Amino acid sequence: MGKRIRGLHHVTAIASDPQRNLDFYVGLLGLRFVKRTVNFDDPGTYHFYFGDRRGTPGTILTFFPWPGARRGTRGAGQIESTAFAISPESIGYWLERFKKQHVTAEKTSPRFGEEVIRFTDPHGLLLELISSDSPASVEPWPESPISPEHALHGFHSVSAALDGYEKTARLLTNSFGYRLTEQSGNRFRFVSADETAPGRIVDLLCVPATGTGRVGAGSVHHVAFRAKGEAEQLKWRDRLVELDYNVTPVIDRTYFHSIYFREPGGVLFEIATEPPGFSSDEKLEELGTHLRLPSWFESSRSEIEKILPPIQVPRVS
């Protein structure tokens with residue numbers, strides 16, 4: 001198998017109001033709504049996917065928008081923040097855009113030489129835009145309200161908040177093939193060997209005094225890493241079982257196959273296959289325009305559609 005993980009596949013978070021979730025990520029951040037489907041484990045609720053033009057692995061932020069979900073609590077054992085890469089010339093543009101859209105955002109101190117904008121989405125999810133001199137190449141969405149020079153270039157990184165970092169660090173370096181590149185205070189930066197992949201950075205934050213986080217609206221449910229295909233994924237599963245992790249069987253998520261396990265600090269990790277992708281059940285031009293259901297739910301389509309709240313994708317063109 002490939003001895004290294006290239007980078008992130010997707011990040012899945014929890015929201016509450018589906019329409020506000022759509023308005024923010026499509027209308028404000030300019031991501032494409034690449035798939036509207038349901039939570040395969042809870043088909044009475046949506047599962048939204050946002051990304052670049054085709055939902056390239058490394059650009060995909062997904063949500064379970066559970067209406068009325070209570071807010072989560074930040075703390076150890078969860079992803080503290082999710083960051084997208086932008087051009088260094090776009091910092092001023094985004095600060096002004098947030099100001100005009102009445103979104104509270106702040107430019108923080110540079111992190112490892114890169115400028116950072118921090119803000120939260122309507123449900124409290126902590127997000128960052130981080131300047132990158134060499135952002136990954138992604139496919140711009142032609143209908144985005146954000147011009148290509150200021151568009152998000154997929155994930156920059158995720159930051160995991162942990163009581164201690166050494167065991168998670170060993171998983172990243174000894175197993176995933178990441179390397180420790182920089183350290184500042186309680187932040188340790190690990191980078192994959194693939195210099196072209198979006199989402200190749202994982203920061204570990206050692207925060208032993210914060211208490212354990214609670215998953216809810218405004219928090220990350222899990223973070224997924226990439227595998228080229230099913231054969232590679234199965235080899236990763238065998239390797240993780242050898243390392244004494246409790247790993248799920250392979251689960252069919254229609255657009256990719258998944259295995260899940262908890263890393264030593266408590267964050268739920270997934271390894272997801274790159275294929276089949278989001279155009280496997282609808283044309284590239286039509287991504288996100290229709291409710292797509294896995295074959296095993298099609299017989300219940302009418303009942304599911306009655307339960308799901310109505311939504312309207314923002315007009316941005």
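The model is a predicted one. Its largest nonpolar core has 69 residues, and an open sheet of eight strands is also present. The largest pocket has a volume of about 380 Å³, and the largest cavity has a volume of about 30 Å³.

**Nonpolar cores**

- The residues with the most contacts inside the largest nonpolar core, a set of 69 residues, are Tyr-25, Leu-29 and Phe-176.
- Helix α1, which covers residues 18-28, gives the most to this core, namely five residues.
- Another core, of 10 residues, lies apart from the largest one, and its members include Val-34, Ala-224, Ala-272 and Leu-287.
- Which residues does Leu-29 touch, not counting residues up to four places away in sequence? They are Phe-24, Trp-94, Phe-98, Phe-119, Ile-146 and Leu-152.

**The open sheet**

- The eight strands of the open sheet follow the order β2-β3-β4-β1-β13-β16-β15-β14, and their pairing is mixed.
- Strands β2 and β14 (251-252) stand at the edges with a single partner strand each, so one side of each has no neighbour in the sheet.
- The pairing of β2 with β3 is antiparallel and runs over seven bridges.
- Within that pairing, Val-38 has Tyr-46 in β3 as its bridge partner.

**Tyr-46 in strand β3**

- Tyr-46 belongs to strand β3, which spans residues 42-51.
- Is Tyr-46 buried or exposed? Its relative accessible area is 6%, and buried means under 20%, so Tyr-46 is buried.
- Not counting residues up to four places away in sequence, the residues that Tyr-46 touches include Pro-18, Thr-37, Val-38 and Asn-39.
- Tyr-46 also touches Phe-63, Phe-64 and Pro-65, as well as Leu-291, Leu-308, Pro-309 and Ile-311.
- Leu-126 is 80 residues from Tyr-46 along the chain, and the C-alpha atoms of the two are separated by 21 Å.

- Strand β11 (residues 187-191) is mostly covered, with five of its five residues buried.
- In a regular strand the side chains alternate between the two faces of the sheet.
- In β11 both faces are covered: Arg-187, Arg-189 and Val-191 are buried on one side, and Phe-188 and Phe-190 are buried on the other.
- Strand β10 (residues 179-184) pairs with β11 in the antiparallel sense over five bridges.
- The bridge partner of Val-191 in β12 is Ile-201.

**The largest pocket**

- With a volume of about 380 Å³, the largest pocket is lined by 19 residues.
- Arg-32, Trp-141, Glu-143, Thr-289 and Val-313 are the lining residues that lie nearest its centre.
- Strand β2 (residues 32-39) supplies three residues, the largest share of this lining.
- By class, the lining of the largest pocket has nine nonpolar, four polar and six charged residues.

**The second largest pocket**

- The volume of the second largest pocket is about 330 Å³.
- Of the 22 residues that line the second largest pocket, Glu-114, Ser-132, His-156, Arg-200 and Ile-201 lie nearest its centre.
- At least two residues of this lining come from each of β9 (155-162), β10 and β11.
- The lining of the second largest pocket divides into nine nonpolar, seven polar and six charged residues.

**The cavity**

- Rolling a probe the size of a water molecule over the atoms shows where empty space is left.
- How many cavities of 30 Å³ or more are there? The count comes to one.
- The largest cavity, of about 30 Å³, has a lining that includes Ile-79, Val-158, Ala-160 and Thr-168.
- Val-202, Leu-204, Val-223, Phe-225 and Phe-269 also line the largest cavity.
- Strands β9, β12 and β13 (220-227) each give at least two residues to the lining of the largest cavity.
- Eight residues of the largest cavity's lining are nonpolar, one is polar and none is charged.

Conventions: Residues numbered from 1 in each chain as written. Predicted model: local features only at pLDDT ≥ 70, side-chain atom pairs only at ≥ 80, totals over all residues. Heavy atoms only, no water. Core = buried A, V, L, I, M, F, W, Y, C linked by side-chain atoms within 4.5 Å. Buried < 20%, exposed > 50% of the residue type's maximum accessible area, 1.4 Å probe, protein only. Helix = DSSP H or I, 4+ residues; strand = E, 2+ residues; numbered from the N terminus. Contact = heavy atoms within 4.5 Å. Pairing = 2+ DSSP bridges. 1 Å grid on protein atoms, 1.4 Å probe; cavity = no way out; pocket = protein on both sides within 12 Å on 5 of 7 lines; lining within 4 Å. Points joined across faces, edges and corners; volume = space filled by probe spheres on them. Nonpolar A, V, L, I, M, F, W, Y, C, P; charged D, E, K, R; others polar.
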